Each structure stands twice: as C-alpha cells, then as structure tokens.
Amino acid sequence: MPVHAYTSDYTGTVRDLAENFHGNHVVYVCWERHLLFSCPFAFLVPPQTSFRTLRDQLMAEAYGAHPQWAQIDWSQVNWSVSGAPFEPQLDKTLEEQGLDHKASLRFSTPGLDGMSGAGI
Amino acid sequence: MAAKKLSLKDKYALLTRDLDWEFSYEERKEAFPFEEFEGIKITDWSKWEDPFRLTMDAYWKYQAEKEKKLYAIFDAFAQNNGQLNVTDPRYVNAIKIFLTAISPQEYQAHQGFAHVGRQYGGVGARVACQMQSLDELRHVQTQVHAMSQYNKYFDGFQNWSQMQDRLWYLSVPVSFFHDARSAGPFEFLVAIGFSFEYVLTNLLFVPFMSGAAYNGDMATVTFGFSAQSDEARHMTLGLEVIKFLLEQHEDNVPIVQKWIDKWFWRGTRLLTVVAMMMDYMLPNKVMSWKEAWGMYFEEAGGALFKDLARYGIRMPKFADQIEKEKEHASHQAWWTFYTYGQAAGFHTWIPTDEELDWLSEKYPETFDKYYRPRWEYAKQLEAEGKRFYNGTLLQLCSTCQLPLMFTEMDDPTLISQRETHYHGEHYHFCSDGCKEIFEEEPEKYVQSWLPVHQIYQGNCGGPDLPGILEFCGINVGNDNLDIKGSPDEQRWKQWKGVA
C-alpha cells in the first residue's frame, strides 16, 4: 500500500519532477571523508553539462577551499553512483552517462582522507 | 429557593460523558468517518478511562488564574529589563530557535488536536483532545508573549511566522507536524500524544527550561512552570491512548508498533536541534545531550517499554541506532549550522576553549577524536580572517528534511546516504529509519516541500543568497552570520559598558 489514506485511490503530487526545474537537473555530490563540508552538495545543472564542467567548475568552486582539493590525482579517484562503481567520461554529458535528475554521485580520494586523521 | 449545587461526580458526568448522544436516524459511522481506515479496531469506547478528571468550566477557571500570574511576571520582567540578566548574548540564540522552530508547532498541535477531537467516536477521548487543543493554543500565545521582550532588544525574533513557512531548516519541524496531522486520527495520537508528548517531551522541555534557568532567562522559565501542569496532563493522555488501543484488540498491536517505530525515529531526528542547543548554545550548561538522552530516554523510556511488553510492544525499532547517535548528533548538527551560518536566522560561533574542554570531558570517546580537530581548524581560519562559510546548497533527506549531515555510526567520518526509487524517481535519505518511513508511504512523501529543491525551482526569491534570505524573513547582516561582530553583540557590549 503506497499510502494509508481515507481516499482509497489517493496519489500525491510529485513535487520534484525534473520538469519543475526549468530545464535543469539536480545532481548530488559527496566527497567522502572531507567533513569540512558537513553534507553532500546539491548542484543545479543543465543535463547537457559535461562531466568535465561539473568537476572542474562546479565542484572545484564548491570544494576548492579545502587544502586537499588541489592535490587530487584524478586518475586515482573512486567514483560511485547510487552505490554502484562508476567510470566518468569527462567529455560526455551527464545525461549521456546516466547521471539523471537527482542522481547521487560519491567519490573518494585514496591517500587524501581529510585533515587531522578526522576526515575533515 | 437557591439552585442545588451538583456534586463533583454528577457535574463531571454531565459535562463530559453526557455530552454524547445516541444516533437515531443517521449511521454513527457517517458521523465519525475517519475511525476505521487505519485498521484500528475499537470494540468498546466506554472502556476509555478519562486520563484526567477536568470539566470545561474548571479548565477555564484554573487556566485564567495561572495566566494572570504568568502575565504579572512578564510585566515585571519587562519593567526590570530582565533581558539584561541573561548570561551572554549567545544564549538568546537558543530561544530564537525555540520561537521559530518550536512555538509554531504548538499551533500545529492545537490544530491537530482540534481535528482529532472531533473525529473519535468516544466522547471521553474527544473531550481530552479538546482540552489539549486549547492548551496548545495557549502555549503558542504565551511563548510568543514570553519572548516578545527579547524582540525589542535582539535581532532574529521579528519574523518567526514567515521564517516558519519559508526558512530551510524550519521545514524539519513543520513537515513533522504536517506528517502527523495528515495521518489518521489514531496515528496522530500515537505520534504526538504518545511518542512525542509522553516519551520525548522531557528531552525538549526540560533542556530548554533548565537552560533558561541556568542562563538567567526568567521569562522562559516562568512560561515553563506555567505549562508544566498542562504537559503533565498531555503525558497522561498519551499513555491512556496507547493502553486503550492495545487493550481494545490484538490486531491493533502491530499497527501501533509500526507507528511507534516511525514516530520515535522522526521525533529523535527533530530533537537534533535540542541536542546542539544543549551542547553548544547554552553558555551555562545544564548537562550534555548524551546525559539527557541516557536519563530521559534510556532510563525512563526503557522502564516504559518494559511495562508495555505485556501487550506485545517492543522497544522502538531504531533505538540501538539512536543510542550510538547520542555520541555524535549534536556535534554534527552544530558544525552544519556553523558552516551554513550565513543562511541561518540566528548567530553561530566557535565554542570557547573552556567549552571545548567541557565537550571533551562529556564525550571522551568521540569529541577529541572526531570533532575538536574541526574546531581547531575553524579557529585557525578565523584567526587568518577567513571565517569558514559553505557556499553550496546541500542535500536534504526526503523524509525528515534535515541535511544529510549524519555519518555512519560505525564509521563516523563517512556520511550516511540512503536511496530508494519510486515510479522512476530517485529519493534520498539520511538514514535507514527515514528510508523505511518513505517506503511505507511513498505517495505521502513524494510531496515533501524540500527547501533546497524549492529554491532551485525558483519558488523562494533569489536566485542570490541575500534575496533568498530576505524571502525567508531574515534581516540580512543582522540576524545571520557569526555572533562576533554582530549588532546583537555590539549592543550587548554597550549595555554592559565593555569595549
């Protein structure tokens, strides 16, 4: 039963459908063990954005204050989407590689596990 | 001939149970249409024991006396400039949270109890809910009046009702009550009457009221005393509800258990704000959140659930998770608010060195290992003139609407994220508890008004941050940002004659 309601065929209005975002998508990004940023970020991006733009512009601006951002060796990074391993293709769009609306992207940077041994 | 006075017993009967009547030409079911759809079986409403023997005339008389005294104290507080007696201006931010996050929920509780007070077939339950509905309405009024004196001298109090509707973190308490109020009447009472008022309320009221007492805030303390007898009544109602439902029919047990599991989890998420208030916002500390949780939930709640075991009710499902979180929740929450302090309706700050030591002492297993280093880094940045603010919007949980700021409890440097899919859409959660609640009723939670998404849909002013904050009712530059250099702090120094 998808809801306990007085009306037997009750359905809710889905508030966050992609069409409500004026041509954009929301994409979430979490840099693991860097808790200077206490939560994953929510980026508003056109689905035609390339992965390179997401990484080198949007993420760079959001995470750039962290001293370890500039040290990242991108060939060593582990990516996942919805818990499954992911190999980003830099010059393909988000849409083309299955990063759809409200997709959740995580990455870890081995050897760069935050500051002070505390994942900061 | 003088009218004969009724005995107390007769008066009670006439003014409560006797208000009901038999239905001669309408189906009783038609009069109480919401009573069955939740699956709860009531076989005999007459078994409902009135949790308190109070009639409406006595209610008014008693409350009027109490409020006369309460307002005399508010007057004295104002005339004596009581606002100058608080420990320091940081304290006032705790009651900004109370006014914006808690008081409007008293109003929602009033609406909820007014609604269910009409919907039960049993007259005893209807009268009890009617009185609680009036209590909640009085509470929002007296809280607003208690805090109005601070509004004359401090920033951040002026737009509490607009903030309630629009400000991102306030959607957490708002959605909690929307969830309860849009549920059926029995779930509402288990959610608010039992889970919240009976078991968790001590973790809300005692910390705020003791915090007020420890920090010289006589207005809030006085409100607390005044509300205490009402709260005692609410707790009795909460307990009666649960016992009545469980005794009416064995089929009710699994339904009630599911509600208890859900509302304990939701309630605990809501109390995160109290956790950070106790550990970080009170200049004079009462006790740590961990100690409060141990005392009021683990000891008192543990005894209650032992008592309920004879009905087949067990501890709330995620109690073991919550036990681990007590080591972490307050630190993770205050760090989030500190780093998003430009987008809050109150001030934030780095704990003093003495406070950091207090936290180390209270959280020997976790604070020095995980949280002190963050504050040391924040101090370093502040000393360099680079006070850290996070400029990117964050990901919110589709159920509790808090940011995904909690970590895996067995791996406290790794953020906890959960995901589910419904009709081809992704939904994200802070925890297994919130994910399960969504999966039980996706048609309900697909409607969550998630502030970050609303901002991105263009429904919240902006698009720049000052525009969004103004839309939320924040006086930008005064209400938000660090306490250091704030108008609140500057005025306080002038009043106290310090540079």
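This is a predicted model: local features need pLDDT of at least 70, side-chain atom pairs count only at pLDDT 80 or more; totals for chains, interfaces and linings use all residues.
Which residues is B:Ala191 in contact with, leaving aside its neighbours within four places in sequence? They are B:Ala180, B:Ala183, B:Phe196, B:Trp259 and B:Trp263.

1. For chain B the mean pLDDT is 95, and 100% of the residues reach 70 or more.

2. Chain B, overall form. Chain B contains 22 helices and four strands. Its radius of gyration is 24 Å, close to the 23 Å given by the globule rule for 499 residues, so chain B is as compact as a globular protein of that length. Along the principal axes, the C-alpha trace of chain B spans about 80 × 65 × 45 Å. Of the 499 residues in chain B, 48% are buried. Among contacts in chain B with a separation of 6 or more, 78% come from residues 24 or more positions apart.

3. Chain A, overall form. Chain A has one helix and five strands, and their order along the sequence is β-β-α-β-β-β. The radius of gyration of chain A is 17 Å, well over the 14 Å that the globule rule gives for 120 residues, so chain A is more spread out than a compact globule. Its C-alpha atoms fill a box of roughly 55 × 35 × 25 Å along the principal axes. Buried residues account for 29% of the 120 residues in chain A. Of the contacts in chain A with a separation of 6 or more, 63% are between residues 24 or more positions apart.

4. The contact between the chains. Chain A gives 38 residues to the contact and chain B gives 43 residues. On the side of chain A that touches chain B, the elements giving two or more residues are β1 (25-31), β2 (41-45) and β5 (103-108) of chain A. By class, that side of chain A has 21 nonpolar, twelve polar and five charged residues.

5. The nonpolar core. The largest nonpolar core has 154 residues. Those touching the most other members are A:Val27, B:Val190, B:Ala191, B:Met276, B:Met277 and B:Val452. For B:Ala191, the contacts beyond its neighbours within four places in sequence include B:Trp259 and B:Trp263. In soluble globular proteins generally, nonpolar side chains tend to be buried together.

6. Helix α13 of chain B. This helix covers residues 289-308 and bends by about 30° at B:Gly301. B:Gly301 is itself buried, as are B:Trp289, B:Lys290, B:Ala292, B:Trp293, B:Phe297 and B:Leu308 in α13(B). The buried residues of α13(B) pack against α8 (185-200), α9 (202-214), α12 (272-281), α15 (329-339) and α16 (353-362) of chain B. In general, an α-helix has 3.6 residues a turn, so residues three or four places apart point the same way.

7. Backbone points to check. Most residues other than glycine have a negative phi, and most peptide bonds are trans. In chain B, a cis peptide bond joins B:Gly462 and B:Pro463, with omega about 15°. B:Pro463 is in the loop between α20 (451-456) and α21 (465-471) of chain B. In chain A, phi of A:Ser82 is near 50°, a positive value in a residue other than glycine. A:Ser82 is in the loop between β3 and β4 (84-86) of chain A, and is partly exposed, with 16 other C-beta atoms within 10 Å. Phi of A:Lys102 is also positive, near 70°. A:Lys102 lies in the loop between β4 and β5 of chain A, and is buried, because 22 other C-beta atoms lie within 10 Å.

8. A:Ser75. The loop between α1 (51-63) and β3 (78-81) of chain A holds A:Ser75. With 5 C-beta neighbours inside 10 Å, A:Ser75 counts as exposed. From A:Ser75 to A:Val29 is 46 residues in sequence and 18 Å in space, C-alpha to C-alpha.

How values were computed: Residues are numbered from 1 along each chain as its sequence is written. Chains are lettered from A and ligands numbered from 1 in the order in which they are written. Two residues are in contact if their C-beta atoms, placed from the backbone, lie within 7 Å. Ala, Val, Leu, Ile, Met, Phe, Trp, Tyr, Cys and Pro count as nonpolar, Asp, Glu, Lys and Arg as charged, and the others, Gly among them, as polar. The radius of gyration is taken over C-alpha atoms; the globule rule is 2.2 Å times the number of residues to the power 0.38. A residue is buried if 20 or more other C-beta atoms lie within 10 Å of its own, exposed if 12 or fewer, and partly exposed in between; C-beta atoms are placed from the backbone. A nonpolar core is a set of buried Ala, Val, Leu, Ile, Met, Phe, Trp, Tyr and Cys residues joined through C-beta atoms within 7 Å. pLDDT is the predictor's confidence in each residue, from 0 to 100. The bend at a residue is the angle between axes fitted to the seven residues ending there and the seven starting there.
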